Amino acid sequence: MEAIRFIIHYGIHFLVPILIAFIFYRSNWKKSLVILISSIIIDIDHVWANPIFDPNRCSINFHLLHSYPFIFIYTLLLFNNKSRIYGIALLLHILADTTDCILSKTII
């Protein structure tokens, strides 16, 4: 079950962005893919946690950049054409972490 959790979590982080870039941003897929994958940068907020990584801790609303106010801001990015790709990237990151939270609860 841990292997399935790992595959799903990192599949959303890395494989889904490839699909989104190729399907929805075909004319500029390289730049879009870099933006989509770069959303992993919000994991920088894990540095302030102790321990930095805990496989059984849900990131959602625990870490600052994974908190509900920030998720609201990421959602607002969807409503502007120039920021939409960033909103998609950040919300996709949140989706990956939410999925991981759900799967970790079913494992424990």
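This is a tutorial dialogue on reading features of a predicted model.

Q: Which residues make up the largest nonpolar core?
A: A nonpolar core is a set of buried residues joined through side-chain atoms. Here the largest one has 10 residues: I12, I20, A21, L33, I35, L36, I85, A89, L92 and A96.

Q: Which elements give two or more residues to this core?
A: Those elements are α1 (2-24), α2 (29-38) and α4 (84-107). Helix α4 supplies the largest share, 4 residues.

Q: With which residues is L36 in contact, leaving aside its neighbours within four places in sequence?
A: With that exclusion, L36 is in contact with P17, I20, A21, I85, I88 and A89.

Q: Which residues does the second, separate core include?
A: That core has 8 residues, among them I42, I60, L90 and C101.

Q: How many disulfides does a search of the whole structure find?
A: A disulfide is read from the distance between two cysteine sulfur atoms, with a cut-off of 2.5 Å. The search finds 1 disulfide. C58 is joined to C101, with an S to S distance of 2.0 Å.

Q: Which parts does the pair C58 and C101 tie together?
A: C58 lies in the loop between α2 and α3 (68-76), and C101 lies in helix α4, so the pair ties together parts that are 43 residues apart in sequence.

Q: What is the torsion about the S-S bond of C58 and C101?
A: The torsion is about 95 degrees, so this disulfide is right-handed.

Q: How many salt bridges are found in the whole structure?
A: A salt bridge is read from a side-chain nitrogen of Lys or Arg and a carboxyl oxygen of Asp or Glu, within 4 Å. The search finds 2 salt bridges. R5 forms one with E2, where the closest N and O atoms are 3.6 Å apart. R5 also forms one with D100, where the closest N and O atoms are 2.7 Å apart.

Q: Where do the partners of R5 lie?
A: E2 lies with R5 in helix α1, and the two are 3 residues apart, about one turn of the helix. D100 lies in helix α4, so its pairing with R5 of helix α1 ties together parts that are 95 residues apart in sequence.

Q: Are R5 and E2 buried, partly exposed or exposed, and which of these is D100?
A: R5 has a relative accessible area of 6%, so R5 is buried. D100 is buried as well. E2, at 45% relative accessibility, counts as partly exposed.

Q: Which residues make the nonpolar surface patch of about 470 Å²?
A: The patch is made by F6, I7, Y10, F14 and I40. Of these, F14 is placed in helix α1. F14 has a relative accessible area of 33%, so F14 is partly exposed.

Q: Is H63 buried or exposed?
A: H63 is found in the loop between α2 and α3. H63 is buried because its relative accessible area is 3%. Leaving aside neighbours within four places in sequence, H63 is in contact with D45, H46, A49 and R57.

Q: Is K82 buried or exposed?
A: K82 is placed in the loop between α3 and α4. K82 counts as exposed because its relative accessibility is 76%. The C-alpha atoms of K82 and I42 are separated by 20 Å, and the two residues are 40 residues apart along the chain.

Technical notes: Residues numbered from 1 in each chain as written. Predicted model: local features only at pLDDT ≥ 70, side-chain atom pairs only at ≥ 80, totals over all residues. Heavy atoms only, no water. Core = buried A, V, L, I, M, F, W, Y, C linked by side-chain atoms within 4.5 Å. Buried < 20%, exposed > 50% of the residue type's maximum accessible area, 1.4 Å probe, protein only. Contact = heavy atoms within 4.5 Å. Patch = residues over 30% accessible without salt bridge, like charges linked within 9 Å, V, L, I, M, F, W, Y side chains within 5 Å. Areas by Shrake-Rupley, 256 points an atom, 1.4 Å probe, with all protein chains shown as cover.
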